[in-house]
Amino acid sequence: MPTAYVYTQHGGPEHEMFVEVEKPLPGPGEICVAVHAAGVNPADWKRRAGMTRGGALDHPVGLGREVSGTVEALGDGVTGFAPGDEVLAQVADGPRGGFATYALVAASWTAPKPAGVSFTDAAALPIAAATAYDGINQLDLHSGATLLVIGAGGGVGIAACQFAHNRGARVIGVASAAKRELVEAVGAVHVPSGDNAMTDARSLAPNGVDGLFDLVGGTALLGLGTLVDDGSRIVTAADEATAVALGGARVRRERTRSVLEAIVDMVDAGTFSPYVTEVFPLARARHALGLVEAGHAKGKLVLQVA
Ligand SMILES: NC(=O)c1ccc[n+]([C@@H]2O[C@H](COP(=O)([O-])OP(=O)(O)OC[C@H]3O[C@@H](n4cnc5c(N)ncnc54)[C@H](OP(=O)(O)O)[C@@H]3O)[C@@H](O)[C@H]2O)c1
């Protein structure tokens, strides 16, 4: 019997559990994917905690928003894919999730997985890497520009550093000391997070920075945001209210197949990595999600499903 990791009501991790489910039938525009791997994101626990936007869903609600796997069945109107194809995808809006034997994904957010890209890496791209890709495009950094990334060692941050670096930007990455090596591995200059971050960043960019990509928000963004003369050069995926107060904006998500194709092609070409640092079996979903919920994830965490 297929299984799915779900939450049964809003609240803490005690409301998460495995349930047996029927194999889902894809609706119009959807694909049923036999899941091989699923990325873990803050959105998973935030959804369970009732912190995300969007309409109310009937419980139980499946956890997991990004997957890789093989096409099991196609819904009406889906073209360009066939059963057995290897794909990566963002999970379709609704109560079903990706921490499951089978996931329903929107065909428009699904891309073919090149043979040279592992299922593990592919599962880590549709949310974190795609958010970073969209945010860097929104900032439209030119070669030689200086970008400050707050939260540079997490899933979105480590991807943002690479996309900016690949554009020829100089990247300053704020992250805890434990992530120095990781941040430097992607060509960024590491600034330890904490009380001295502002002073350290200012000494590296005495005239300020040309863009700021925030993945933390709150006081970190309020303080470091002063390094940007023009507040409209701030984008955030974490704290829209603070970014807007500074003149910035939330990352505008594209959620298209072409973005997934662009990113997975870079992985295939060796010019981008999602930096999957830990892989857990699906049975340890609660542990993996707990690590992300603790707020100090290093790169990406992925669940191995099949
Ligand atoms: N809107 C969207 O579509 C979208 C998509 C993806 C993510 N997001 C949001 O974007 C945020 C980041 O996501 P993510 O996947 O990158 O999360 P993540 O993988 O959990 O990483 C968050 C990182 O922030 C670091 N951090 C925490 N406090 C910090 C501080 N004061 N200064 C510097 N770094 C700090 C953490 O570790 P250390 O402190 O140990 O360095 C961690 O590496 C989350 O709020 C998430 O919900 C939004």
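Biologist: Which helices and strands each supply at least two residues of the shell around the ligand?

Modeller: They are α1, α3 (125–139), α4 (155–166) and β9 (170–175). The model is predicted, with pLDDT of at least 70 needed for local features and 80 or more for side-chain atom pairs, while totals for chains, interfaces and linings use all residues. Residues are numbered from 1 along each chain as its sequence is written, and side-chain values use heavy atoms, without hydrogens and water.

Biologist: Which residues come nearest to the ligand?

Modeller: Of the 23 residues around the ligand, these are Lys46, Val156, Lys179, His296 and Ala297.

Biologist: Which polar backbone atoms lie 2.9 Å or 2.8 Å from a ligand oxygen?

Modeller: A polar contact is a pair of N or O atoms within 3.5 Å. Here, a ligand oxygen is 2.9 Å from a polar backbone atom of valine 156, and one is 2.8 Å from a polar backbone atom of alanine 297. The protein covers 84% of the 910 Å² of accessible area (Shrake-Rupley, 1.4 Å probe) that the ligand has on its own.

Biologist: Which residues are buried in helix α10?

Modeller: Buried means under 20% relative accessible area (1.4 Å probe, protein chains only). In α10 (residues 285–293), Ala285, Ala288, Leu289 and Val292 are buried. Viewed down the axis, they fall within an arc of 95° (taken from axis to C-beta directions), so they line one face of the helix.

Definitions and conventions
Buried < 20%, exposed > 50% of the residue type's maximum accessible area, 1.4 Å probe, protein only. Helix = DSSP H or I, 4+ residues; strand = E, 2+ residues; numbered from the N terminus. Near = heavy atom within 4 Å. Polar contact = N/O pair within 3.5 Å; in protein donor to acceptor, adjacent residues only side chain to side chain.
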